Amino acid sequence: MHESLGTIYDEVLHRNPGETEFHQAVREVLDSLGPVVTKHPAYTDAAVIRRLCEPERQIIFRVPWVDDQNNVQINRGFRVEFNSALGPFKGGLRFHPSVYLGIVKFLGFEQIFKNSLTGMPIGGGKGGSDFDPKGRSEGEIMRFCQAFMTELYRHIGEYTDVPAGDIGVGGREIGYLFGQYKRITNRYESGVLTGKGITWGGSLVRTEATGYGTVFFAQEILRSRGESFDGKRVVVSGSGNVATYAIEKLQQLGAIVVACSDSSGFVVDEQGIDLELLKEVKEVQRGRICDYVDQRESAELGQGSIWSVPCDIALPCATQNELDDKDAAVLAQNGCTIVAEGANMPCTPDAVRLFSEAGITFAPGKAANAGGVATSALEMQQNASRDRWSFEYTEERLAETMRGIHDRCLETADEYDTPGNYAAGANIAGFTQVADAMLALGVI
């Protein structure tokens with residue numbers, strides 16, 4: 001790491017103790033910026049990078065609510081408004097027991113660069129709670145969301161901060177959150193949340209966008225090699241929103257998806273995942289991945305790691321640090337050629353290093369999964385103009401955005417003498433746009 005950047009990283013470690021995911025996200029970016037600060041010393045002279053590593057605002061609040069047994073429950077809510085140099089803060093809300101300040105800061109930091117890469121006028125932020133929606137009734141989820149928004153509403157707005165969904169926050173939760181915002185403010189401010197239902201201000205393709213976008217990015221990698229998805233074996237981790245729609249687009253493009261997973265394990269289906277059955281199990285039955293096996297003769301429960309299933313392309317779409325160096329070594333041995341992150345930072349630093357050594361093309365999440373937030377920005381555009389676009393038009397806008405991100409990563413990697421390095425290209429391209437805006441706005 002460049003000496004001046006090492007000093008900044010040491011300061012981050014000192015000022016944010018115990019926030020290991022945030023440390024990892026910062027280091028991953030700083031490792032790429034040595035050539036940038038050498039070429040553009042103004043970034044360090046004006047302390048742009050130090051300022052970028054410190055959120056503009058960190059909000060932590062209590063969320064009291066009453067469960068179905070009339071017991072008072074207490075959760076903790078977070079919103080980290082990280083950087084608004086390019087536009088209002090934009091980033092999802094995650095409801096999961098693992099959520100704490102370090103997770104939210106890592107996600108918000110990643111969001112800065114992801115949002116920058118889209119070319120849309122949106123800054124970076126993230127939020128959530130340690131509330132777990134699993135096993136909770138509809139009434140409990142509604143009451144929690146209402147309690148959460150009762151505090152959050154005072155910090156957000158279509159020109160200030162625009163949350164969306166993430167793990168544990170889908171269309172149902174967004175509906176309850178928006179309803180409470182509308183109730184408190186007496187304003188039908190559609191642009192304050194994205195991921196809304198289609199009938200009340202949502203955008204077509206938003207549900208599919210992150211999964212579709214990851215596949216579009218991988219498709220561009222293949223196209224640059226003169227290849228396509230046709231007949232390719234693909235493994236997708238997860239079976240939530242991102243994974244489900246990645247599988248859908250992969251199958252439309254001729255790939256064979258042979259495995260997917262959830263937190264309880266993974267399934268292997270050599271005939272290809274039955275997407276309709278997967279949606280039935282996960283979205284209607286609210287079941288586990290083992291229930292898919294019970295209803296599909298060609299499927300079996302996997303043993304060990306999902307990354308041991310031989311494939312040409314791997315799409316980690318579940319959660320952070322799910323794919324480590326041991327998994328990466330197995331993927332390399334089995335002939336995998338592309339890994340594209342559908343989740344946020346699902347590959348450990350050691351795994352990424354091994355991909356490079358093995359000649360596996362690696363597409364980082366801040367580039368490959370930017371389709372979700374890009375389509376959220378399109379939803380904001382539609383809300384602002386009181387308009388609604390067709391599915392086909394919105395999907396083409398998404399595909400066009402992902403092509404642009406892919407090309408920008410490659411061009412930037414070439415410019416800074418790291419040809420073919422999508423991670424370096426994404427970090428540098430995302431950083432320079434935000435940094436230039438910060439210089440233009442002065443020391444604020």
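Contact here denotes heavy atoms within 4.5 Å of one another, and burial denotes a relative accessible area under 20%. Both criteria are applied below to a predicted model.

Helix α17, spanning residues 391-415, comprises 25 residues. The distance from its first C-alpha to its last is 36 Å, close to the 36 Å expected at 1.5 Å a residue. Buried positions in α17 include Thr394, Glu395, Leu398, Ala399, Thr401 and Met402; Ile405, His406, Cys409, Thr412 and Ala413 are also buried. An α-helix has 3.6 residues a turn, so residues three or four places apart point the same way. The buried residues of α17 pack against α6 (101-118), α9 (209-224) and α10 (241-252), as well as against α15 (365-368), α16 (371-385) and α18 (422-441). Just after α17, a positive phi of about 60° is adopted by Asp417.

The model also contains an open sheet of five strands, arranged in the order β1-β2-β4-β3-β5 with mixed pairing. Strands β3 (residues 89-95) and β4 (residues 123-129) run parallel and are joined by five bridges. Within this part of the sheet, Lys90 has Gly124 of β4 as its bridge partner.

Helix α7, formed by residues 138-152, lies across β1, β2 (72-83), β3, β4 and β5. Relative to β1, α7 runs at about 140°.

Notes:
Residues numbered from 1 in each chain as written. Predicted model: local features only at pLDDT ≥ 70, side-chain atom pairs only at ≥ 80, totals over all residues. Heavy atoms only, no water. Pairing = 2+ DSSP bridges. Helix = DSSP H or I, 4+ residues; strand = E, 2+ residues; numbered from the N terminus. Axes fitted to C-alpha atoms, helices over the stretch in contact; angles between N-to-C directions. Expected span 1.5 Å × (residues − 1). Buried < 20%, exposed > 50% of the residue type's maximum accessible area, 1.4 Å probe, protein only.
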